[in-house]
Amino acid sequence: MKKYLPNLLNIGFGLELIVLILAYFEANGDTTHFFQATARLSGRVSLLYFSFLFIYATLNPSVEQSSEALRVKYILAQNFAILHVIHWFLLATAVSLSGFNIIPYRLMGGALAYLMIVSLPFILKRKLFPNLSLSLVFNIYLTYVWLIFFITYLTRVTGQTTSVTGITSAYYVLISIILSLMIWRVGFLLKNRKLDLNS
C-alpha cells in the first residue's frame, strides 16, 4: 500500500476518466444515460477506495497522533472523500436529468454518510471536533459508510429501486464484496480480541 500511496489519488482520477470514456460509449449520445452510467461506474471507484481505507484501518487500528498508521489513514480517507465527491456530482446530475421523484427522508441516510466522508480527513487532522476519540470515530465511520454501500446494492439486487441501470448480476458481485469485507473485519477483530484476552 505504501508503495502506491503517493500515486493513489492520481490513479483514482485515471479511473474516473475511464468511467467517462466507458459511459460515453454506453450512452450512444444520450446525455441522461451518460450521467446515469458515470454515476453507476464512479460509485464502483468509490467502493474500491473505501475498501482500501476499510482494510487498512482494520489491519492498522492505531490512531496515535503523528504515527505512520494515522498518516496513511488520513491519505486514504482524503482520497476516498475526493473521489466520492466526484461521484456525488455525477449522481446529482443523473438524478436531476432523469426527473426521479425524490423523497427527502430517504436521502437522510446517504446525506449523513457524505457528511461523514467529507469530514473525516478534517477530524483526523484535528481541525474538527479535536476532543473526539479517533478510535470511536473510525468504528462508527467504517460501519455506517459500509452500511450505506450495503443498502444501496441491496435495493438493487432486490428490485426495490426502479431506476437501476447496468447489469443486474454485477450488483450481486458488488454486494458479495461488501458482505465479505464486513465478515472479514468482524472475524479479524474477534480473533485479535481473543488473542488480547489470552495474552
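**Note on the helix packing**

1. Y171 sits in helix α6, residues 168-198. Helices here are DSSP runs of H or I, at least four residues long, numbered from the N terminus. Y171 is buried, at a relative accessible area of 3%. (Buried is under 20%, exposed over 50%, partly exposed in between, with a 1.4 Å probe and protein chains only.) L154 lies 17 residues from Y171 in sequence, and their C-alpha atoms are 8.2 Å apart in space.

2. Some ground rules. This is a predicted model, so local features need pLDDT of at least 70 and side-chain atom pairs count only at pLDDT 80 or more, while totals for chains, interfaces and linings use all residues. Residues are numbered from 1 along each chain as its sequence is written, and side-chain values use heavy atoms, with hydrogens and water left out.

3. Look next at the pair α1 and α3. Helix α1 covers residues 8-27 and helix α3 covers residues 68-98. Their axes lie 10 Å apart, and the packing angle is about 20°. (Axes are lines fitted to C-alpha atoms over the stretch in contact; angles run from 0 to 180 degrees between N-to-C directions.) The two helices are therefore roughly parallel to each other. (That label takes angles under 35 degrees; over 145 is roughly antiparallel, 65 to 115 roughly perpendicular, the rest oblique.)

4. Which residues make the contact of α1 with α3? From α1 come L8, L9, G12, F13 and E16. From α3 come L76, N79, I82, L83 and I86. (Contact means heavy atoms within 4.5 Å.) By class, this contact holds seven nonpolar residues, two polar and one charged. (Nonpolar: Ala, Val, Leu, Ile, Met, Phe, Trp, Tyr, Cys, Pro; charged: Asp, Glu, Lys, Arg; polar: the others, Gly among them.)

5. Helix α3 has 31 residues. From its first C-alpha to its last, α3 reaches 45 Å. G99 follows α3, and the phi of G99 is positive, near 70°.

6. Helix α3 also meets helix α5, residues 134-157. The axes of α3 and α5 come within 14 Å and cross at roughly 30°. On the α3 side are L70, K73, F80 and H84. On the α5 side are L134, F138, Y141, V145 and F149. The contact of α3 with α5 has seven nonpolar residues, one polar and one charged.

7. Two residues of helix α2, residues 31-59, deserve a look: S42 and T58. Is S42 buried or exposed? S42 is buried, with a relative accessible area of 0%. Setting aside residues up to four places away in sequence, S42 touches E16, V19, H87 and L90.

8. Which residues does T58 contact, leaving aside neighbours within four places in sequence? They are W184, R185 and F188.

9. Check the loops for backbone values. S66 lies in the loop between α2 and α3. Phi of S66 is positive, near 70°, and S66 is not a glycine. S66 is exposed, at 80% relative accessibility.

10. R126 lies in the loop between α4 (104-124) and α5. R126 is not a glycine, yet its phi is positive, about 65°. R126 is partly exposed, at 29% relative accessibility.

Note on methods: Expected span 1.5 Å × (residues − 1).
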